[in-house]
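Subject: Structure handover

Dear colleague,

I am passing this structure on to you, with notes on what was found in it below. Please look through it first and then read on.

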Protein chains: 4
Amino acid sequence: MTSVPAADTSPAASLLPKYEAVRQFTQKLCEPLETEDYVIQSMPDASPIRWHLAHTTWFFETFVLKPFAKHFQPSNPAFEYLFNSYYNGIGEQFPRAKRGLLTRPTVAKVFEYRRAVDRKIETLLVEASNDQADEISTLVELGLHHEQQHQELMLTDLKHMLAQNPLFPAYHSGKEVFANDSANDLAWHTTDGGIYQIGHSNDQFAYDNETPRHDVLLHDFQLADRLTTNGEYLEFIEAGGYQRPEFWLSLGWNTIQNDQWDSPLYWLKRDGTWFEFTLAGLQPLEPTAPVTHVSYFEADAYARWRGNRLPLETEWEVASESLPLGGNFVESGYLHPTPAQSGEGLKQMFGDAWEWTASPYTAYPGYKPVEGAIGEYNGKFMCNQQVLRGGSCATSASHIRRTYRNFFPADARWQFTGIRLAR
Amino acid sequence: MTSVPAADTSPAASLLPKYEAVRQFTQKLCEPLETEDYVIQSMPDASPIRWHLAHTTWFFETFVLKPFAKHFQPSNPAFEYLFNSYYNGIGEQFPRAKRGLLTRPTVAKVFEYRRAVDRKIETLLVEASNDQADEISTLVELGLHHEQQHQELMLTDLKHMLAQNPLFPAYHSGKEVFANDSANDLAWHTTDGGIYQIGHSNDQFAYDNETPRHDVLLHDFQLADRLTTNGEYLEFIEAGGYQRPEFWLSLGWNTIQNDQWDSPLYWLKRDGTWFEFTLAGLQPLEPTAPVTHVSYFEADAYARWRGNRLPLETEWEVASESLPLGGNFVESGYLHPTPAQSGEGLKQMFGDAWEWTASPYTAYPGYKPVEGAIGEYNGKFMCNQQVLRGGSCATSASHIRRTYRNFFPADARWQFTGIRLAR
Amino acid sequence: MTSVPAADTSPAASLLPKYEAVRQFTQKLCEPLETEDYVIQSMPDASPIRWHLAHTTWFFETFVLKPFAKHFQPSNPAFEYLFNSYYNGIGEQFPRAKRGLLTRPTVAKVFEYRRAVDRKIETLLVEASNDQADEISTLVELGLHHEQQHQELMLTDLKHMLAQNPLFPAYHSGKEVFANDSANDLAWHTTDGGIYQIGHSNDQFAYDNETPRHDVLLHDFQLADRLTTNGEYLEFIEAGGYQRPEFWLSLGWNTIQNDQWDSPLYWLKRDGTWFEFTLAGLQPLEPTAPVTHVSYFEADAYARWRGNRLPLETEWEVASESLPLGGNFVESGYLHPTPAQSGEGLKQMFGDAWEWTASPYTAYPGYKPVEGAIGEYNGKFMCNQQVLRGGSCATSASHIRRTYRNFFPADARWQFTGIRLAR
Amino acid sequence: MTSVPAADTSPAASLLPKYEAVRQFTQKLCEPLETEDYVIQSMPDASPIRWHLAHTTWFFETFVLKPFAKHFQPSNPAFEYLFNSYYNGIGEQFPRAKRGLLTRPTVAKVFEYRRAVDRKIETLLVEASNDQADEISTLVELGLHHEQQHQELMLTDLKHMLAQNPLFPAYHSGKEVFANDSANDLAWHTTDGGIYQIGHSNDQFAYDNETPRHDVLLHDFQLADRLTTNGEYLEFIEAGGYQRPEFWLSLGWNTIQNDQWDSPLYWLKRDGTWFEFTLAGLQPLEPTAPVTHVSYFEADAYARWRGNRLPLETEWEVASESLPLGGNFVESGYLHPTPAQSGEGLKQMFGDAWEWTASPYTAYPGYKPVEGAIGEYNGKFMCNQQVLRGGSCATSASHIRRTYRNFFPADARWQFTGIRLAR
């Protein structure tokens, strides 16, 4: 496969290297897997790896090849039903909670499906007419960002599935992380109130929910200069945090009672010592690393116990303006949040762990979803979700933006979610 | 019982007339009831009337008499457990979903309990020392507003319970409502963008969630001059609104599928004609009256189908500033929304039906709940609820404020909820 | 109302005294009740008293008046739907689990309904033609036995409802019971194997499930001469019976795990002392009284722990042949099992507590249900039920027979059920 | 691996050929499978193939190697927890409903585990001391029968899993079955009443629940000479059988309402034509083949609609006495019931489909389970199960006996279950 476009290729062909890189990275993530690992759905919110591989491919087939490819033939008419996630505009969907009941097409066939679609997309990118090149490029780029989201979900869904196994199998061997002795010295970073702008404006790719850029009115605020650590969170547990209703939202208190939560997901106490299940297997809890796999309820209760609060998403975005986009992303290979570096200024704003904000996920003023089925991407989820910001150790560096709005329900814990205090 | 304070009475005694009026109104609402009607809980969200009567009394006993009355003795030590709703700071609560399993204390005993507490509160108001008069007055006033909220819930819980009965028993005989021929001419009311203030500031009573008053930044917007009517909503139904996923939030679509909703709660089609269960029994649907008993999901889908949206709570409050506080409240005796009057300007902003806003219920900047158990009143519910504004035909005129923030989950339908469009 | 038939009355009129006695006893059971007590359904298996009163009346109206009364008019057409329990042959039924959501017709109206039907039945019994007298008598007699079953259910449903209340209200003041010091000397009563007959044969009333009388083959067996006592059952608890899976049926073990059972229903340990909720309120556990409110699972596990087993229903019936039909029935007024008398021979075979047998409830060889809707009385429940024998302290003396087959699912505990060992 | 015992081998070594044959047949059943097919659990009642392979091996390791092998070392200490099904006497079990959440040990490792245990069992059989040879042989034989039961479950669990897939993948290519034109002429086979013996007596292997052999008293009865066909069952469907409550047990009627059953499991109507999912994929329904995958509820309702009933297990066993043990078992390779042969006498008593009997599963008189954990095999399931007789097209010929008592709950449909009428 060549990625060097010839002289007479379409302008769309400039996307080829990115297309290949993203698609190959999905397969790279699969390298440590056994065939068995592709099939299982460990909870309704998660999906089998097999499904992620097929669904991301279906996305390109349905939204790019079907409208634009010459002599389009579906790879398999059943795939439209089997691998549609939630696009009602496309048609009915195989029930989400039953994705883990299927063994066919097999993993090998799914990889064939990926290759067949890749060849067709590559041909289309090279041969697209000048008329269509823009529209195709936009959709392919959307498809690549979509795939990067699923790469992150593959890691978190896998982690959840492996964690069900009392043998605690590891996904990778892990990279050594050094504790940071200065992690306990939390400092506050101040921003003055005033009218600011947030949201996406330039001509780079962004999701529709980041637009339009608009004025917001902020009051003076301070953000913690780094994420909350395991050690700090342990103090909350040891202070009886999970037994004291005064710190909890009413729904949160119900949740921890009903689901008997007494620590973050994947924490485990054995013979008086705390361990944490990571993608490198069961590990002793590192006190200086950021706490992760907490729900919004836990993040909010922790903040309240400290006498602080969580940031608004507007505050977070404004405060992030001056910072470079670097951090502990998936490319670093840790696949786990790492302790903050010492030094001045805001740290860990990008990467490590998604930061729960106090902002429910709603439409920006003047927001309009894209027309058609592809417009179901973001807008229809604007209810009972909290915004998270900044990306995590499972996010691609090329996927994140300052204006990026991730969202999950308040009780979700299986993503790499963390806590930054505000006041 | 006299409500004229003598010369040497406490300043707190000025609350006596209001105390007596509110408490007596609760009992007036019970006049049409049979003993059987006090006992049943028709769904976990609702409570038996018997419980409402006791719980509102428990509130005064617990938050006023216990700390302030001389030689305080609890009426019955078990009541603290039986009639606590959700105040974790007070102690454990009898399970909410089991409130309808109790027959003792009987209704007669509950009325005795009310009388006994009334006598003690009245004594306390008359005899309160000057030191304590302020604090006592504040708590009693909170208790009265609390009771007014429960008066509204008594009507909506009763309505839900009576609606379960295939005999469709009426609560009252109803008052005739005249249709308004001009109801279909919806007009738009414009407000310019800019910095405004919202929230409570003066020294009148308000809940903590209405504070502090603060600046907000608004963009230009328009509100419909009246509520959406049954006739307009019927057009949505007849256009297949409940079968077309493109208008619905994802959670909303799931809800109408799972619960098989195809019209507002209490609507019933018999032999091709639409009826609506009201507190006056089953009635033919009045096309010019406001649609009510819709969820946020339905309000949002309807607005989307019309190419509009729902108002933000900030927009609603700013637009309401110039209007008097009148409307079809519980005192009018209709106990159902009535058609809008003709004429210019915003109509039905107060009374008739609570208006779903597009705003999730969150804390105002700088919001601090009250200290102690009484602080569990509002703040702990700030998750997965939508704000509603303006009061309904079941709200007391003396209970509502421009700044009043009601809140319910997006799928709640048993309150008198309605739709005002915005754009 | 007169119960003395005149000279020219129908032969059916001889049922009048029994009709009046049974119907009046239902109302006598209601004397201690408050109006509130009639309305509540404390679990799906139980029904509100209000419903029992109406349903037993509906039975006479539907199966006797409708086919036989001159100029029959239904009391209220809605009652056919509201008060049908499970007779599919009659029509649709108001959902069983929602019986506790209705307040109308009120209790007063239900009593009026009873009186109206009583008058019509009495007239019919007096005026029935000779042709129809037999058929009417058979149906009325069935209706009276049906009502006696509901009298027992009224007591057990009431007890379950009162037990939900942390105030533990009493239904009656109770009669003193004297402990029996000799209760611990359990003896065994032997019956030789052979061919016996069981089942109903004479021309007295019996349910269809007791027929036909038929030969059975028994092996030698022994029955305990009295019921298992609370004291004996406590030994099982104290020996860790509820924590040792080896004594339990698989379904039983699942049940006690899931529902967290560790003692009979209504047992309560306070400060190290065992109490039992009775219809006379919370009482200290009497060690010599029979254990009651145990499931089949518990009865079976207890027997296994003792190295014994439960009787077959055939064994029970054969052993009962020589005994008079007396015992602690509802007429004794205890409304609770009482300690066994001392003396030789089988004791407590009738009354006190229904005795779980090891026999699943199945059809006797050649069993045929009655034709029509009334045939739904017994046969359609012959799946996943265990047979119980002998009646209880809540059964009418005139209701029980040696051949009487009661049946409940293996996990039912709210009836007065007890244990007799066999080996 | 050699299966020829040398001169000085233990008497236990005579089991070697059978051991190897049964264990290899398990693996033969796996030949058509993809790795993905081993992992999934499509409902709580089913188990992943991976789990069946490991659990049957665990059985030999736990009940044979652990007590008898020299220098016993567990293959992996975690397996005792992971692969115990329900033996409380052995210890805690990994939750049944979560068996499909595990991917490790992988399928390859499970096959290694099988081989390792096979080697040790083979060694033990050859080297067992004369003292222990008997006890070891008994346990190994139990283990082989246990494995044969799991072979049948592997096929039915696989079928259920494949049926979830809208692609309807086939397990095997199928063998052609010829319709039998005389299938509709059902004849009746008569047996006279009297005292007979049933149950296991000789020194061949049998489960404990088949003992002791004992006298039973039968009345005259007739059995249909063959199984009910698809064509006959279709008449029941077309006569509105699933819409007429008068044919159904009460629990059965609830089940078909709640689960919306209107035909046997795996039947599918497409464009007016009936199809049936088989292990050879989706096939047109063969009217002369036996109906299969019906619940007890459906079998009972069908029999009632025909004016007949289902056989008692005692009747079935007595009538089977004169017949040879042949039939359409797993070895025939059809893996589906086939039409009855023409000719006189009882047909299809063995093989094709398990026959629901009217007998609840209970203990024979004098039944005693084996001591210890292995005694949990049968006795603890004697509640809410119906007995089935005769084996199916998925049963091994060497596994079945006349006295064999299979049992499933009344609503189970995923086994090859069928209907034989009686009267």
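In residues 342-423 of chain A, the end C-alpha atoms lie 22 Å apart, and this span is 0% helix and 20% strand, where helices (H or I, at least four residues) and strands (E, at least two) are DSSP runs numbered from the N terminus. UniProt, in an unreviewed entry, lists these residues together with 191-320 of chain A under "domain: Sulfatase-modifying factor enzyme-like"; UniProt positions are given in the numbering used here, feature names are shortened, and annotations may be inferred rather than shown by experiment. Residues 191-320 of chain A are 28% helix and 22% strand, with end C-alpha atoms 11 Å apart.

Please bear in mind that this is a predicted model, in which local features need pLDDT of at least 70 and side-chain atom pairs count only at pLDDT 80 or more, while totals for chains, interfaces and linings use all residues. Residues are numbered from 1 along each chain as its sequence is written, chains are lettered from A and ligands numbered from 1 in the order in which they are written, and side-chain values use heavy atoms, with hydrogens and water left out.

The other annotation, "domain: DinB-like", also comes from an unreviewed UniProt entry and covers residues 19-153 of chain A. Over that stretch chain A is 60% helix and 0% strand, and the end C-alpha atoms are 19 Å apart.

Two helix pairs were examined, with axes taken as lines fitted to C-alpha atoms, for helices over the stretch in contact, and angles running from 0 to 180 degrees between N-to-C directions. Angles under 35 degrees count as roughly parallel, over 145 as roughly antiparallel, 65 to 115 as roughly perpendicular and the rest as oblique. In chain A, the axes of helix α6 (residues 230-238) and helix α8 (residues 296-305) come within 11 Å and cross at roughly 80°, so α6(A) and α8(A) are roughly perpendicular to each other. Their contact (heavy atoms within 4.5 Å) is made by E232(A), Y233(A), E235(A) and F236(A) of α6(A) and by E298(A), A301(A), Y302(A) and W305(A) of α8(A). By class, this contact has 5 nonpolar, no polar and 3 charged residues, where Ala, Val, Leu, Ile, Met, Phe, Trp, Tyr, Cys and Pro count as nonpolar, Asp, Glu, Lys and Arg as charged, and the others, Gly among them, as polar. In chain B, helix α2 (residues 49-68) and helix α5 (residues 130-163) pack at an angle of about 170°, with their axes 9 Å apart, which makes α2(B) roughly antiparallel to α5(B). The contact of α2(B) with α5(B) has 16 nonpolar, 7 polar and 3 charged residues.

As for the backbone, most residues other than glycine have a negative phi, and most peptide bonds are trans. A cis peptide bond joins R104(A) and P105(A), with omega about -5°, and P105(A) is placed in the loop between α3 (79-82) and α4 (107-127) of chain A. Another cis peptide bond joins T211(D) and P212(D), with omega about -10°. H293(A), a residue other than glycine, has a positive phi near 60°, and is placed in the loop between β7 (281-284) and α8 of chain A.

Finally, on how the chains are placed, chain A and chain C do not touch, and their nearest C-alpha atoms are 14 Å apart. Chain B and chain D do not touch either, with their nearest C-alpha atoms 14 Å apart.
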